[in-house]
Amino acid sequence: MKKLLWTICLLGILFPPKFGLKVQHDGISAKNGHGMLEKKESSRSNLENYDYTKYHPIEEIYKWMSQIEERYSEVVTQHFLGMTYKARPMYYLKISEPTSTLKKIFWMDCGIHAREWITPAFCQWFVKEILQNYKTDPRISRFLRKVDFYILPVLNIDGYVYSWRKDRFWRKSRSSHNNGTCFGTDLNRNFNISWCNVGASKNCTHQTFCGTGPVSESETKAVSSFIEDKKDSILCYLTIHSYGQFILTPYSFTKTKPSNYDELIRIGQKAAKELKAKHGSNYKVGSTSDMLYFTSGNSRDWAYHIGIPFAYTFELRDNGTYKFTLPEDQIQPTCEETMAAVLSIYDDIYEREWGFN
Amino acid sequence: MLARRRPAGPGPTALLLVALLAAEARASWLIRRPLSPSGPELRQAARAALHFFNYRAASPSTVRVLKEVLNGTALIREEGENIKVAFSIESYRTENSQLGTCSALVGFKDHKSRPTVNISCTPLLDQKERKKEDYKLYKQIKQLETPPFETTIPGKLGDMDPSLQPLWELAMIGNSFLMWEKTTSTSSYYYVQQITNIKKWIRPDDFIILHYRLLLHEFRTQEIISCHLHLVWHPEKPSKTQYHCQDSGTQENGSGNSEGSGFL
């Protein structure tokens, strides 16, 4: 019996595709993507081995957040924001240099739409860059003298999980409607700003379903009550999406321009220029209603509306070639160029607020 | 062409007539409207034009991708508008890093699909090279073993096995036809996210038949639409595309003929 068990183990180790444990994800076999779906982190899964140029499932992102907090405990704390519909905890990372100064806040969230995998990848990249360079890079260290960074790597955790396990192109949350016949709300149509007036659907089968009411979703509640609470300190609200290659200012629900529109555009265009200098990518800058289409109930418009002066939506790569399934070999260049844009925006806001100190 | 009517006299009727006049004049004038190169209208027109070009050229080795809109104007007609647009393109095969430009006149009829397109583009390769590349792809596809039914191109991680790339490039001919047909002026635009359930066979007259399911991403509504597409292709002969889509419950069918490399 023992010999048989050992033989089977040996075969499983030597010929995993034939005899090994194969995890079957609904509709997608291990033959796709060369078995990447069941590729687990090696047993020595610590921060030094974390590959920022690969897409990570939520379990690995949770683990990464704890490891980041532990490794950079002098500046990083992990905080609970709220629960998802399926009772998964939402965590954000706060990067803060402990001083007695009252700091302003730069907020960034990623993964509000499940299928936009490049966005959580960018949030992780951003955190890594700040933490690896804050001691040596004067540009970053000056930010930390006056500002705390708050980063929410995955806002729509339930949707993200669903896009890994069941439907790669899922967009919404996973809340249940109509007696369990209909699932998910578009979290970026669920915020309390001109809710469901345009570019959103009251039909729960649609991808832009705005929910049963403004802020009906637990994820939206968690984010908006937090931001509402801290709005006097938040200088900049960034929300990261894909795809399309845009830097978008308010508003989406009207063509009327925000009061500081010219400044928002100027800052956005400088950021797009810095971005293009990295790898040549063309990003277009403008208000969502001018550049794309009308929508209402999105997080960025809401954040701006409650008083956060600088609010942008980023739409990352690409331009229609790979769309949501941006290949992993583009993660690094995308993150590098986006980083350049974000830091440029932060520079402009910083100098406006505190001069050139 | 100014006033075609004279106001009958002063008073409220004058106002009414002025209003009518303005409405009538607008309808019969060709109003020229400058458009921003980064705005959605020119991008929409450029996309529609390029889809049409790629489908008509039916050359999988020289599929073009929109790079940047350069300039353009809209000419407003009674039933819609004509958009004149110039844009830069690059080869889908990024390793070739070939660039080019196109200029097109795209006619949108109010809310109707199948915009009329008149387009010319600079060549990416010379005629001989292109024929050679298309034949190379033709041979590759002929020799290729049909991938398993559930294989998706690209994969979940955006990965594409190099051996499957010719299938994706050929599918772009059919996909371009579909995307062109469905494009309207009112900012509905489409990209093919993925192809799967691929069936391939060779007809006795040496045409390649490709039949597959595709997922179409509609940008404005963010919906993912499932379609089936049937493509008949040969490097030097006119090709044919047929499709049907499950578009929010209703079925949409379309079919069309593309020219083969004779177009260029």
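**Exercise 1. Pairing in the sheet of chain B**

Which residue in strand 5 of chain B is the bridge partner of B:Leu105? Describe also the arrangement of the sheet in the order 1-2-3-4-5 of chain B.

*Solution.* The model under study is a predicted one.

Step 1. The residue range of strand 4 of chain B is 99-109, and this strand pairs with strand 5 of chain B in the antiparallel sense over six bridges. The bridge partner of B:Leu105 in strand 5 of chain B is B:Asn118.

Step 2. In chain B, five strands in the order 1-2-3-4-5 make up an open sheet, with antiparallel pairing. At the edges of this sheet stand strand 1 (31-34) and strand 5 (116-121) of chain B; each has a single partner strand, so one side of each is left without a neighbour in the sheet. From one strand to the next, the twist averages 25°.

Step 3. A general principle may be recalled here: strands of a sheet pair through backbone hydrogen bonds, in either a parallel or an antiparallel manner.

**Exercise 2. The two domains of chain B**

State how many residues of domain 1 of chain B are in contact with domain 2 of chain B, and what area the two domains bury between them.

*Solution.*

Step 1. Domain 1 of chain B covers residues 31-121, and domain 2 covers residues 127-263. Their C-alpha centres lie 20 Å apart.

Step 2. On the side of domain 1 of chain B, 26 residues are in contact with 36 residues of domain 2 of chain B.

Step 3. The area buried between the two domains of chain B is about 2,800 Å², of which 60% is on carbon and sulfur atoms. Within domain 1 of chain B, the residues that lose the most area to domain 2 are B:His51, B:Tyr55 and B:Pro60; together they account for 24% of what that side buries.

**Exercise 3. Chain A and its helix 7**

Give the number of helices and strands in chain A, and list the buried residues of helix 7 of chain A.

*Solution.*

Step 1. Chain A contains eleven helices and ten strands. Of its 357 residues, 60% are buried. Among the contacts in chain A with a separation of 6 or more, 73% are between residues 24 or more positions apart.

Step 2. Helix 7 of chain A spans residues 218-229, which is twelve residues. From its first C-alpha to its last it reaches 16 Å, close to the 16 Å expected at 1.5 Å a residue.

Step 3. The buried residues of helix 7 of chain A are A:Glu219, A:Thr220, A:Ala222, A:Val223, A:Ser224, A:Phe226 and A:Ile227.

**Exercise 4. Backbone geometry in loops**

Where do the cis peptide bonds from A:Pro250 to A:Tyr251 and from A:Arg317 to A:Asp318 lead, and are A:Lys323 and B:Gln222 buried or exposed?

*Solution.*

Step 1. The cis bond from A:Pro250 to A:Tyr251 has omega near -5°. A:Tyr251 is in the loop between strand 8 (246-249) and helix 8 (261-279) of chain A.

Step 2. The cis bond from A:Arg317 to A:Asp318 has omega near 0°, and A:Asp318 lies in the loop between strand 10 (310-316) and helix 11 (331-354) of chain A.

Step 3. A:Lys323 lies in the loop between strand 10 and helix 11 of chain A. Although A:Lys323 is not a glycine, its phi is positive, about 55°. Buried means under 20% relative accessible area; A:Lys323, with 2%, is therefore buried.

Step 4. B:Gln222 is placed in the loop between strand 8 (208-218) and strand 9 (224-234) of chain B. B:Gln222 has a positive phi of about 65°, although it is not a glycine. Its relative accessibility is 5%, so B:Gln222 counts as buried.

Notes: Residues numbered from 1 in each chain as written. Chains lettered and ligands numbered in written order. Predicted model: local features only at pLDDT ≥ 70, side-chain atom pairs only at ≥ 80, totals over all residues. Heavy atoms only, no water. Pairing = 2+ DSSP bridges. Helix = DSSP H or I, 4+ residues; strand = E, 2+ residues; numbered from the N terminus. Axes fitted to C-alpha atoms, helices over the stretch in contact; angles between N-to-C directions. Expected span 1.5 Å × (residues − 1). Buried < 20%, exposed > 50% of the residue type's maximum accessible area, 1.4 Å probe, protein only. Domains from an automatic or database assignment. Contact = heavy atoms within 4.5 Å. Buried area = accessible area lost by both parts, 1.4 Å probe.
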